[in-house]
Structure formats: C-alpha cells, structure tokens
Amino acid sequence: MFLAACSGAAQAANYTMFRDPNCGCCEAWAAHIREGLHADVAVQDSADMGAIKDREGVPDELRSCHTMIVDGYVIEGHVPAADIARLLRERPAGVEGLAVAGMPLGSPGMEMDGRTQPYQVIAFGKTGRTVFNSYN
C-alpha cells in the first residue's frame, strides 16, 4: 500500500492510543495504524476522554473519539497512517498534532459499505491550523 512512505522514524516511535472502552471504531483504526506503519499500538481505555484531550491540547472543534500520542505529537481521530508517517518524517515547525474532526465515513476505521464523506486532516499547534491533507 504506502509502505514505501513509512520512515524508520514512524516504525521506531512509541504509539499510545487512549479510547473510550465503549467505542468499537477505535480498535479498527488502531489496526490500520499497526498495519500501515508496522507499529505496536498500546491501547489505554479511559472513561474520561475529555480530560485526556484537554491535557493534550486538542482544540474542541477538532475532537473525535480517540487520541493517540506518538513521538511527542497528538493524533486525534481517524487520521490515515500515511499522514502520520509524513508528520514524523517532515516534522513541520509549529505543528503539535494532526486531527480528523468527528468520524467521517470512509476514513480509516470508519469504513462502511464503501460509503465515504470528504474530510480533511488538520495540522494544529500554537501557531495555528492548516490543512495537512484532504480526502474526497
């Protein structure tokens, strides 16, 4: 798939995903990350995801169901593995994390009978927000 895009940094990083124990799509997304980045993903259940998102500085309007910490970056929601690999490879100045707001159909972990919704991966940090990638 996009294995050539995976850098050694992506494979060597530590991945910890926080999820609500009642959410099923989070495990499907973690499987996408494991396969796409050849990464071990530690999963920690939390009944208070809001506190984790607050602690990690996830903007309210970019929040989704799960939050992952990888190599000092925050990954919020259904961000594709290729975008995480790119983030770890390029390390753009001022970016503290990537987010896919909500739970768009067709995003990794949200596959449903071939239905899709357009969505954007947003890079965020103290310097603001930019579109990191778009999917139609």
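These notebook entries record what I looked up on cysteines, one serine and the nonpolar cores.

**Basis.** I worked from a predicted model, in which local features need pLDDT of at least 70, side-chain atom pairs count only at pLDDT 80 or more, and totals for chains, interfaces and linings use all residues. Residues are numbered from 1 along each chain as its sequence is written, and side-chain values use heavy atoms, with hydrogens and water left out.

**Cysteines.** I looked for disulfides (pairs of cysteine sulfur atoms within 2.5 Å) and found zero. Cys26 is in no disulfide either, its nearest cysteine sulfur being that of Cys23 at 3.3 Å. I then checked burial (buried is under 20% relative accessible area, exposed over 50%, partly exposed in between; 1.4 Å probe, protein chains only). Cys25 is buried at 11%, and Cys26 is buried at 0%.

**Ser107.** I located Ser107 in the loop between β5 (97–99) and β6 (119–125); strands are DSSP runs of E of at least two residues, and helices are runs of H or I of at least four, numbered from the N terminus. Ser107 is buried, with a relative accessible area of 0%. Its side chain reaches the backbone oxygen of Pro104 at 2.7 Å.

**Cores.** Of its 32 residues, Tyr15, Val70, Ile75 and Ile84 touch the most other members. Helix α2 gives the largest share, six residues. A second, separate core of six residues includes Val58 and Phe124.

Notes
A polar contact is a pair of N or O atoms within 3.5 Å; within protein, one must be able to donate a hydrogen and the other to accept it, and residues adjacent in sequence count only if both atoms are side-chain atoms. A nonpolar core is a set of buried Ala, Val, Leu, Ile, Met, Phe, Trp, Tyr and Cys residues joined through side-chain atoms within 4.5 Å.
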